Amino acid sequence: MITLEIAGRQVQALPGQTILEAAEAAGIHIPTLCNLKGLTPRGACRLCLVEVTSWRGKVVPSCATVVEEGMTVVAHSARLRELRRTILELLFAERNHICSVCVSNGNCELQDLACELGMDHVRVPYRFPALGMDASHARYVVDHNRCVLCGRCVRACSEIEGAMTWGFAHRGVDTVVATDAGGPWVDSSTCTECGKCVEACPTGALLDKGTSVAEQVKDPEVVSRVTERRPRA
Amino acid sequence: MENIRIPVTRVEGHGLITLKLDDGGEVSDARFHVTEARGFERFCRGRALWEMPGITARICGICPASHLLCSAKAGDAILAVRVPRAADKLRRLMNLGQYVQSHALSFFHLSAPDLLLGWDSDPAKRNVLGLAEDSPELALKGIRLRAFGQEIIEALGGRRVHPAWAVPGGVRSPLPAEARDRLAAELPAARRTAEDALALFEKHLPEWQEEAETFGAFPSLFLSLVGPGNVWEHHDGLLRVVDEQRRPVAEGIDPARYFDYVGEAVEGWSYLKFPYWKAHGYPDGLYRVGPLARLNCCDSMGTPLADEVLGRFRKVADGEAVTGSFYYHYARLIEILASLERIEGYLGDDDLQSERVRADAGINELEGVGVHEAPRGTLLHHYWVDENGIIERANLIVSTGHNNLAMNRTVAQIGRHYLTGQKVTEGLLNRLEGGIRAYDPCLSCSVHAAGSMPLKVRLEGPDGEIIDEKGRR
């Protein structure tokens with residue numbers, strides 16, 4: 001066992017566990033977005049940043065940093081609050097997130113984070129990118145306007161379903177999620193229509209076709225339920 | 001020569017009235033400008049059909065239910081489905097709740113202060129609070145009546161403003177039995193209030209003759225939906241147009257073909273378009289929509305109490321069409337009563353607890369028109385989608401737009417009658433506003449724009465110089 005300090009408390013963890021896992025096991029809450037139990041950590045959203053005092057105050061993503069003996073971790077501070085809020089504001093400003101008319105209004109992890117972190121306004125200008133929706137699939141829709149590029153769909157598709165349909169296309173600020181090598185979802189030859197990407201998506205970016213405002217309720221825990229039932233190799 | 005410009009208050013949105021004077025100081029022309037632009041039709045493009053009811057409901061905070069229901073109907077047309085019987089009844093119930101709340105707001109909160117406190121009374125008190133001071137019982141009852149309408153919307157849609165409950169193919173949920181019982185218990189009081197307000201209006205009507213004869217009193221066409229046998233209709237049916245003598249000009253028109261009959265003119269001085277009846281040309285094809293038009297177009301209300309009052313309403317014009325826009329108030333009160341009678345019928349209907357409320361279908365048409373009678377008049381949503389149900393184009397024709405020509409003629413008529421000298425007096429300002437308010441316009445909706453409605457009045461001389469300007473926020 002490894003002993004470390006998180007948010008002023010002595011915490012026990014197994015070797016190889018992440019700071020986030022150790023914190024959650026000890027009941028210490030750290031905000032997350034791209035992290036989903038059952039998927040490998042990615043460190044894409046940076047909302048779970050913590051300060052490691054024993055590393056001279058270095059800021060690291062807790063979901064992707066392994067615990068060390070004697071480590072001292074600050075989970076909540078004015079600096080972290082400001083960093084997390086700024087990251088969240090950038091996420092909102094990057095695409096077109098209009099909660100009032102969104103299928104996931106009231107059931108959205110991004111919206112919940114805005115409430116949790118007290119994001120009452122956005123201090124950076126919105127980009128208003130001209131992005132579309134792909135409603136070609138018979139059952140599911142992707143709306144790039146609401147995507148935060150967390151990659152949960154990509155990981156669920158490759159790690160859990162093994163279809164590897166979803167991936168990232170383009171670069172930098174132009175990055176979007178794409179099926180196969182791009183093109184309409186309906187044309188994908190790899191998609192098994194399992195729907196785990198929709199369940200894993202934290203926002204209204206992936207949705208069931210035909211849902212109206214605030215009607216989309218997701219079950220991201222389906223990913224961990226599936227992995228826990230699966231026989232270990 | 002001069003212009004008088006008046007900002008309008010106690011309506012929804014922003015507006016400006018310009019009165020143009022000739023060399024003799026008489027009103028030569030009047031314009032009612034809608035000074036906002038929004039662009040809903042543009043930013044709906046690229047969105048999925050199923051989101052449209054929720055998006056277009058956001059056009060307005062007063063009549064979101066109307067846009068919601070109309071949009072869902074346009075969606076039905078694109079799915080090419082007939083909505084389940086229960087869903088149709090539930091949608092109708094919501095619209096009747098919308099009529100009660102919107103009409104009660106128009107009459108008690110917005111217009112009763114002018115009517116009951118007097119056109120020239122102190123503007124600081126000429127509002128619903130002043131009314132509450134003067135006639136506390138009436139004001140309170142009016143507020144409760146509006147709340148009853150909103151409770152219906154909330155019972156169905158889960159919230160009073162911007163419910164997203166109607167969807168292409170039907171509705172999301174039925175009326176819970178518990179809500180039905182609660183509404184049924186409140187219904188008798190609502191009905192008494194509606195009847196009392198009607199009696200009060202009829203009692204005072206003789207005192208308002210000058211306003212009744214100058215607030216948009218002119219012959220015109222009237223357009224609305226009617227049901228089978230020309231019964232009063234609020235959610236479906238076919239278009240009927242009658243003239244000032246109630247002679248049918250057109251009947252049995254499929255609303256989806258509206259563009260064959262209605263043209264839209266554009267003037268450089270207003271963001272609001274000017275629809276007109278094509279066969280009569282522009283601007284002679286002026287027609288009116290809304291409560292007055294619905295009552296002029298129908299042959300009966302379809303419920304006993306409302307039919308009785310309709311008989312009295314008809315006597316105003318000896319059986320011909322009532323052509324004074326002041327009578328919109330009268331028509332509105334009759335429609336509240338008719339709505340309450342129909343609500344009573346629906347509350348006793350077991351279909352409204354049915355779980356079969358949503359027809360499921362894919363994209364079966366690439367174009368669809370939804371038509372609906374909003375409290376303010378006929379509302380049209382026309383969508384074009386791609387094979388996947390993504391909106392390529394949307395056209396919304398809203399009630400206030402239909403009445404644009406009529407509102408312009410109304411302010412000219414009031415200006416001519418009440419302008420003395422070259423000053424905008426409080427009495428003139430308020431009557432100009434009152435003339436507009438009779439239509440219960442929603443300028444926010446009309447240009448799909450937001451906000452409360454400060455109206456300005458400007459008095460302009462023959463060369464366009466501003467002689468006087470008055471307004472309030």
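In which sense, left-handed or right-handed, does helix 4 of chain B pass helix 12 of chain B? The views below belong to a predicted model, in which local features need pLDDT of at least 70 and side-chain atom pairs count only at pLDDT 80 or more, while totals for chains, interfaces and linings use all residues. Residues are numbered from 1 along each chain as its sequence is written, and chains are lettered from A and ligands numbered from 1 in the order in which they are written.

**View 1. Helix 4 and helix 12 of chain B.** Helix 4 (residues 85-117) passes helix 12 (residues 328-347) in a left-handed crossing, a term used if the near helix is turned anticlockwise from the far one by less than a right angle. Two packed helices are described by the angle between their axes and the distance between the axes. Here the axes come within 9 Å and cross at roughly 145°, where axes are lines fitted to C-alpha atoms over the stretch in contact and angles run from 0 to 180 degrees between N-to-C directions. Helices (H or I, at least four residues) and strands (E, at least two) are DSSP runs, numbered from the N terminus. Among the residues of helix 4 that meet helix 12 are L93(B), Y99(B) and F107(B), and the residues of helix 12 that they and others meet include R332(B), I336(B) and Y346(B); two residues are in contact if their C-beta atoms, placed from the backbone, lie within 7 Å. By class, this contact has 11 nonpolar, five polar and four charged residues, with Ala, Val, Leu, Ile, Met, Phe, Trp, Tyr, Cys and Pro counted as nonpolar, Asp, Glu, Lys and Arg as charged, and the others, Gly among them, as polar.

**View 2. Domain 2 and domain 4 of chain B.** Domain 2 covers 42-79 + 368-395 and domain 4 covers 219-323, with bounds that come from an automatic or database domain assignment. Their centres, taken over C-alpha atoms, are separated by 22 Å, and the contact takes nine residues from domain 2 and 13 residues from domain 4. On the domain 2 side, strand 12 (367-374) and strand 13 (377-385) each give two or more residues, and strand 12 provides the largest share, four residues.

**View 3. Chain B against chain A.** Chain B gives 13 residues to this contact and chain A gives 12 residues. On the chain B side, the largest share, three residues, comes from helix 2 (residues 52-57), and that side divides into seven nonpolar, four polar and two charged residues.
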